[in-house]
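Visitor: Could you take me through the ring contacts here? I would like to start with a charge and then move on to the aromatic pairs.

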Amino acid sequence: MGGRNAFVEAYTRLFQHFGGQGWWPGETPIEIVVGAILTQNTNWENVRKAIVNLKDAGVLDFYSLLELPAEVLAEYVRPSGYYNIKTRRLKNLLAMIRDRYDGNLDGLLADQTAMARENLLSVQGIGPETADSILLYAGGHPVFVIDAYTHRIFSRHGLVAEESDYDSIQEEFEGRLPRDAALYNEFHALIVMAGKHFCKKTTPLCDRCPLRGLNGMAGDTP
DNA sequence: GTCCAGTTTG
DNA sequence: CAAACGGGAC
């Protein structure tokens, strides 16, 4: 087992099993930012329908979204679920960019990582995972995105404590891995794949999981 | 009926 | 710590 570093080992195994994921599946920064909010606790396929609605309506750009009446925007994003609250969250983010970056999304993404993250987290409806997804996938900042899959997979393998919070898990990952945005990008996407296909919340498929035995435990499974 | 690339509020 | 937000797919 090339296992001095189980985090690197996990990445290697997942990449070999699933291959490169090529995230984020959005073409422009605004599309990635919108997708990051719409995908909160929601299946990506439903988010994709909402993005298609916005594209078809020709409003997937900063000022169109900013000026669009909330009730209209809500109809477009409806397929992604939580559509009223997500509409509000999108509007909150757009207003922050308008106020602090003169309406320039690229300005936010080009800001220093710590400052951009702080500004994102100040928006009601943007928590650490959404903020870091935007920083990493739209801005190319080297921040590791932690999600429910990350917590579940790595705690099941005894590599992070069950009770660890977002920031401490993130510190663990960033401390164990090279500070490389391309690596973080691919690794998080692979973790999502592992969570979907093997490390399910109920009835995990441990016997066939590419991560079985990752930490030298009796199978690393609960 | 269950689950989903979460976050806020009670 | 629990409830709320919610449509779509299986």
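**Rings and their partners**

Guide: The charged end of Arg78 sits over the ring of Tyr83, 4.4 Å from its centre; this label requires NZ of Lys or CZ of Arg within 6 Å of the ring centre and within 35 degrees of the ring normal. This is a predicted model, in which local features need pLDDT of at least 70 and side-chain atom pairs count only at pLDDT 80 or more, while totals for chains, interfaces and linings use all residues. Residues are numbered from 1 along each chain as its sequence is written, and side-chain values use heavy atoms, with hydrogens and water left out.

Visitor: How many aromatic pairs are there in the whole structure?

Guide: The search finds 16, where rings of Phe, Tyr and Trp (its six-membered ring) pair if their centres lie within 6.5 Å, and planes under 30 degrees apart count as stacked, over 60 as edge-to-face and the rest as tilted. Among them, Phe7 and Phe173 are edge-to-face, 4.9 Å centre to centre with 85° between the planes.

Visitor: Where in the chain do Phe7 and Phe173 lie?

Guide: Phe7 is in helix H1 (residues 6-18) and Phe173 in helix H11 (residues 166-176), 166 residues apart; helices (H or I, at least four residues) are DSSP runs, numbered from the N terminus.

Visitor: Is Phe173 buried or exposed?

Guide: Phe173 is buried, at 0% relative accessible area, and Phe7 is buried at 3%; buried means under 20%, exposed over 50% and partly exposed in between, with a 1.4 Å probe and protein chains only.

Visitor: Which residues form the aromatic cluster?

Guide: Phe7, Tyr11, Phe15, Phe144, Phe154, Phe173, Tyr184 and Phe187 form one cluster.

Definitions and conventions. Chains are lettered from A and ligands numbered from 1 in the order in which they are written. Helices (H or I, at least four residues) and strands (E, at least two) are DSSP runs, numbered from the N terminus.
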